[in-house]
Amino acid sequence: MSILGKIMKSKRIYLSPPDLKGQELEHLQAALQSNWIAPIGPHLDKFEELLSRYLDDLPVVALNSGTAAIHLALRLLGVTEKDEVICPTFTFVATTNPVMYQKATPVLIDSELDTWNMCPVQLERAIEDRLKQGKPKPKAIIIVHLYGQPAQLTQLLAIAQKYEIPVIEDAAEALGSCYNGQKAGTWGHLGVISFNGNKIVTTSAGGALVTRHVSEAKKALFWATQSKDKAPYYQHSEVGYNYRLSNLLAAIGVGQMQQLEEKVAHRRRVFDYYQQNLPADVLSFQPELSGTFSNRWLTCIVLNQQKTSVTPLQLQKALEVENIESRPLWKPMHLQPLLRQCPYYGHTVAEGLFQQGLCLPSGASLQVADLDRIVQVIKRVLSV
Ligand SMILES: *Cc1c(COP(=O)(O)O)cnc(C)c1O
């Protein structure tokens, strides 16, 4: 192997590393120099303003995680013990964990193949069945746009409206994605964004709750800052949390938000490269349904069992030997030991994707040489 080849091989390629190409450091230094190391400060205001402007001027509260945003969304909708909340089975556990915090029960729904997201047919079947069984009407529906690909919002929202059930849109992975030209995160009664280290825009850790009314944003902010009553001393009449995003992290977010479009374009180019250079018959990709625009947060492939006996875990191992990180798709929630008691509606769509799928490196700093290195390994392992 050439020296250049060895150097290229030794460089680790991560799945979705943070990509700090903008003015993050300047903003962070300004925040440090101004001594706003307090949880609040001008960069937090600025970050919320940028987010709100991007998300159709809806009121936004910046929080310390996307999980916290889902938790506050559930509280705003009054979810408590004895309630049921409909969730997709094919998601990250952060979607369902806050339902458990509220001691409510997740009702899990299978995916459909057009988007890999919640199946509208199974959603309606589930609601009808819960009602038939004499259960209370589900208190909320959480819709997830997995890997950045928007769910079938028209059909899902029509069902939610028919049964008058509010929708939480978990757009944690989908900042920069659109459905019929309208941004992901602005469709639900409440929306959730994550700025975790692996997400398309990051503050190292962070999240945001997108609301429809200023009053909701104010209530969420109240709970996120320990529910302090209006009093001259510390007085509390409700349970609160320490969920606010820090001003320092918001400074990084300000620098990141300014590059969102560029990052989406880069991730979409990464996807296109894989699609053009990997064999279409042996593997397939997450579809981008007509009318939807995915930020292509992660490029995921599904191996065709009819065409190859190689498993995703074998492929993951082979990539690891070459110092390339890849990951299995999310393991469905109805297959998790934690949630095995939860009602489940569907078949084996999500399960099939999990068994045959793999997430490939998709970061916004990947270059063609990196992508070529990854593609060559995959082709070798698949013998194509
Ligand atoms: C990342 C993620 C979350 C939670 O975000 P954190 O900021 O990590 O708490 C929620 N839902 C989905 C689908 C996610 O991928």
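A polar backbone atom of Gly66 is 2.7 Å from an oxygen atom of the ligand. For Ser194, a polar side-chain atom lies 2.7 Å from a ligand oxygen. At Gly206 I noted a backbone N or O atom 3.4 Å from an oxygen atom of the ligand. The protein covers 94% of the 380 Å² of accessible area that the ligand has on its own (Shrake-Rupley method, 1.4 Å probe).

The model is predicted; local features need pLDDT of at least 70, side-chain atom pairs count only at pLDDT 80 or more, and totals for chains, interfaces and linings use all residues. Residues are numbered from 1 along each chain as its sequence is written, and side-chain values use heavy atoms, with hydrogens and water left out.

Last, I turned to salt bridges (a side-chain nitrogen of Lys or Arg within 4 Å of a carboxyl oxygen of Asp or Glu). I have 13 of them in the count. One of them joins Lys11 and Asp370, with the closest N and O atoms 3.0 Å apart. Lys11 is in the loop between α1 (3–10) and α2 (24–33) and Asp370 is in helix α13 (residues 368–381), so the pair ties together parts 359 residues apart in sequence. Helices here are DSSP runs (H or I, at least four residues), numbered from the N terminus.

Technical notes. Polar contact = N/O pair within 3.5 Å; in protein donor to acceptor, adjacent residues only side chain to side chain. Helix = DSSP H or I, 4+ residues; strand = E, 2+ residues; numbered from the N terminus.
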